[in-house]
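Reader: Hey, could you walk me through this one? I'd like to start with a helix.

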Amino acid sequence: MFRLCTASAVALAASLTAAHAKTDIQWWHAMGGELGSKLEEIVQGFNESQDEYNVIPSYKGTYPETMTAAIAAFRAEEQPAIVQVFEVGTGTMMAAEGAIVPVHQLMEEQGANFDPSAFLPAVVGYYTDTDDNMLSMPFNSSTPILYYNKDVFEKAGLDPETPPKTWGEMEEFSNKIIESGAASCGFTTGWVSWIQVENFSAWHNQPIGTEQNGFGGPQARLSVNGPAQVKHWENLNRWADEGIFEYGGPVGGDDAPPKFYSQECAMIMNSSASRAGVIANATDFELGYGMLPYYDDVEGAPQNSIIGGATLWVLSGRPDEEYAGAAKFFEYLSSPEVQADWHQFSGYLPITQAAYDLGKEQGYYEENPGSEVGLQQITLNEPTENSKGLRFGNYVQIRGIIDEEFEQMLGGDKDAQGALDSLVERGNTLLEEFEAQSQ
């Protein structure tokens, strides 16, 4: 009798535990270091805020490594419910037919509290379809801005409170800085592909490619060899020869920030999310911030800059209860308090107007100079077909081609027109391959 009661008690306890067990939701991400720790803190906050779901974050390496791992897991039917994918992987994710659950569909099916109009258009526009339906949930988004050395400006006889607004002023200010001996270089840049091609085009309301920069479908082709882009690359090449501009290297331009921190170069264009790192390294001089420069003879400039970073994609083939939990988690992530905290900690942009407004109410932007520049820049004008973003397949490889052609131009092997023509030709070969694979 005692054994029966014990067995019954164990069974009852097990059934009660099962009834109250949380549903686990796997989230694969690419954020290490302090950002990864903050991400885990956000997840812990969600897990403790309710008793139905348990999000389990797993770091999977770099953005390409995380996306590759998710694709391999999907093929093995071991995929997570949520995966973080960088912006240039958007075209690839969209083409993976049947592999994703669009966020707008997820939120609607789960009856979630979800208002697409609450999100900043310049942030979510990158991740919507041609009918403005959100495909993935923005999480960490940034845009490039200008950082400059106020001390160098002052030594050169420039107003330290007035950054250059146009490319003409960039050249003028750089020459004054070099001639005065305040610094040996005018400016450098991170990410030639992201900043001096993609954002340059959007900022000047110039197309990056056909079919609404790829939003219209996989038949899109590159068109970044137009007059404005050619003129800009010609100038960058000339400025490099004259010592006004110093190249910071391929991909992210890792050699560029040290040139700025050492006061070798007076200005740098880099991610708004680099702000905390720039502040930490620029300890010997006063830091200034500005929007990206533009050519004042290009009609429509300045328009708005576009974002980089990553979003959260929901993968298909998971149990229904996991999707209910994912919807709840996305509600939590996009709440003003969570968004404002993440934005202010990381330097990434808030994804909703409410989070932006909360930061204003808290006095965050007044207390932290430069923290609002990226937001002002992406919201300067309503995005157009040319400035909404881009969506091309095989784009990681295309960015590699951009770097190769830029270096060939700097090396004297090609002029600007030839380098950009080659970039378009080589890039379009990859896009043709992607289109064929998508059919």
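Reader: Which residues of α19 are buried?
Author: In α19, the buried ones are Tyr395, Ile398, Arg399, Ile401, Ile402, Asp403, Glu405, Phe406 and Met409. Buried means under 20% relative accessible area, exposed means over 50%, and partly exposed is in between, using a 1.4 Å probe and protein chains only. Helices (H or I, at least four residues) and strands (E, at least two) are DSSP runs, numbered from the N terminus.

Reader: Before we go on, what am I looking at here?
Author: This is a predicted model, where local features need pLDDT of at least 70, side-chain atom pairs count only at pLDDT 80 or more, and totals for chains, interfaces and linings use all residues. Residues are numbered from 1 along each chain as its sequence is written, and side-chain values use heavy atoms, with hydrogens and water left out.

Reader: Ok, back to α19. What covers its buried residues?
Author: The cover includes α9 (192-203), α11 (227-242), β8 (245-246) and α20 (416-438). Contact here means heavy atoms within 4.5 Å.

Reader: And how far does α19 reach?
Author: Its 16 residues, 395-410, reach 23 Å from the first C-alpha to the last, close to the 22 Å expected at 1.5 Å a residue. The expected span is 1.5 Å times one less than the number of residues in the helix. After α19 comes Gly412, with a positive phi near 85°.

Reader: You mentioned α9. How many of its residues are buried?
Author: 12 of the 12 are buried, so α9 is largely enclosed by the rest of the structure. Among them are Trp194, Glu198, Phe200 and Trp203.

Reader: What does α9 span between its end C-alpha atoms?
Author: α9 spans only 14 Å, while a straight helix of 12 residues would span 16 Å at 1.5 Å a residue. Just after α9, Asn205 takes a positive phi of about 55°.

Reader: Is the peptide bond from Ala301 to Pro302 cis or trans?
Author: The bond from Ala301 to Pro302 is cis, with omega near -5°. Pro302 is in the loop between β10 and β11 (308-315).

Reader: New topic: disulfides. How many are there?
Author: The count comes to 1 disulfide, taking a disulfide as a pair of cysteine sulfur atoms within 2.5 Å. Cys185 is joined to Cys265, at 2.0 Å from S to S. The pair links distant parts of the chain, 80 residues apart, with Cys185 in strand β7 (185-189) and Cys265 in strand β9 (265-271).

Reader: Are those cysteines buried or exposed?
Author: Cys185 is buried, and so is Cys265. Their link is right-handed, with 100° about the S-S bond.

Reader: What does Glu372 touch?
Author: Leaving out residues up to four places away in sequence, Glu372 touches Tyr356, Lys360 and Tyr365. Glu372 lies in the loop between α17 (364-367) and α18 (373-378).

Reader: Last one: how about the whole chain?
Author: The protein chain has 20 helices and 11 strands. Its radius of gyration is 24 Å, close to the 22 Å that the globule rule gives for 439 residues, so the chain is as compact as a globular protein of that length. That radius is taken over C-alpha atoms, and the globule rule is 2.2 Å times the number of residues to the power 0.38. Of the 439 residues, 55% count as buried.
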